Amino acid sequence: DKRLQGKTILITGASSGIGRSTAFEFARAAPGGVKLVLTARRVDVLKQVAADLTAQFPNTKILPVQLDVSNSASVRGFVDSLPAEFQEIDVLINNAGLVRGVDKAPAIKEEDLDVMFATNVHGLIHMTQAVLPRMLARNDGAGAGDIVNIGSIAGREPYVGGGIYCATKAAVRSFTESLRKELIATRVRVIGVDPGQVETEFSIVRFYGDKSKADAVYAGCDPLTPDDVAESIVFAVGRRENVVVADTLLFPNHQASATIMHRKS
Ligand code: NDP
Ligand code: 8X3
């Protein structure tokens, strides 16, 4: 894809799930090569992702870097700390995010509340602030670049036991829309992607590592794969510069809302 070739793409949460798949999908879509800055907390896992990518896509330049998006000080210095050839980020994929627990309001743990907001909301906003100034400076000040924010059906439709996670994703949706409006006079595109049910490590994290509880979420269902979401992200970024795929909601075929799911018995 000529439109993607040579771009520098920063993906947060690239060690697993949608972020990892998105790295592979960009590499696949641009066989001439892109530069990928892959970030997450688990740097050893990231390095393995980078090695797997390099083996499959030798033209792709990959930089795995440890970054906890919930640590605002680390995010602040992050872009300047990159090697020069990776500093001009063309595409930011704000994907890092997580859910913890299914507690109702009185039982929500303070730590879960803090981690979800610090990662999904503050982290996404801080990353945007870290990358945006260079995007705006491009093109003689007219701006250029893409910011892709991964929201969720949970941000459109709050559900029981998801009070905090849903609130974080509603915040993502709201911030995404404000940003698009604020940047109206620039050539920076702001793209929102809201998936429904996707089978990743998401539910394992929600149940604090309990795999059997996570598996039960998908029992009788045929969820989206992270590759399905990655294809939509790369499609949006790969459109002609004047086309903004502003807002995408993705469901698997059996799902019609956050909670309306057809299960095979
Ligand atoms: P995974 O758990 O498989 O991946 C989440 C990624 O986020 C991991 O790479 C993880 O890496 C990273 N991450 C978590 N916390 C931090 C942090 N503080 N700093 C940096 N990276 C972090 O889940 P998904 O792929 O499903 O999730 C990706 C995004 O998609 C999330 O924003 C999620 O809310 C959203 N989403 C998921 C849906 C689903 O059903 N799965 C549906 C709708 C939206 P590490 O642990 O190494 O830091
Ligand atoms: C993940 C989708 O509905 O499980 O964002 O919260 S949901």
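Which strands does helix α6 (residues 163–182) lie across? In this predicted model, helix α6 lies across β5 (145–150), β6 and β7, and its course runs at about 155° to β6.

These strands belong to an open sheet of seven, arranged in the order β3-β2-β1-β4-β5-β6-β7 with parallel pairing. The edges are taken by β3 (61–66) and β7 (247–250); each has a single partner strand, so one side of each is left without a neighbour in the sheet. On average, and with direction ignored, neighbouring strands of this sheet are turned by 15° against each other.

Strand β1 (residues 8–12) runs parallel to strand β4 (residues 91–94), and three bridges join them. Within this pair, Leu10 is found opposite Leu92 of β4. Helix α1 (residues 17–29) also packs on the sheet, where it touches β1, β2 (35–40), β4 and β6 (188–195). The direction of helix α1 makes about 165° with that of β1.

Moving on to a single side chain of interest, Arg138 is located in the loop between α5 (110–137) and β5. Is this arginine buried or exposed? Arg138 counts as buried because its relative accessibility is 15%, below the 20% cut-off used for that class. Apart from neighbours within four places in sequence, the contacts of Arg138 are with Glu88, Ile89 and Asp90, together with Gly143, Ala144 and Gly145.

Conventions:
Residues are numbered from 1 along each chain as its sequence is written. Chains are lettered from A and ligands numbered from 1 in the order in which they are written. This is a predicted model: local features need pLDDT of at least 70, side-chain atom pairs count only at pLDDT 80 or more; totals for chains, interfaces and linings use all residues. Side-chain values use heavy atoms; hydrogens and water are left out. Two strands pair if DSSP finds at least two bridges between them. Helices (H or I, at least four residues) and strands (E, at least two) are DSSP runs, numbered from the N terminus. Axes are lines fitted to C-alpha atoms, for helices over the stretch in contact, and angles run from 0 to 180 degrees between N-to-C directions. Contact means heavy atoms within 4.5 Å. Buried means under 20% relative accessible area, exposed over 50%, partly exposed in between (1.4 Å probe, protein chains only).
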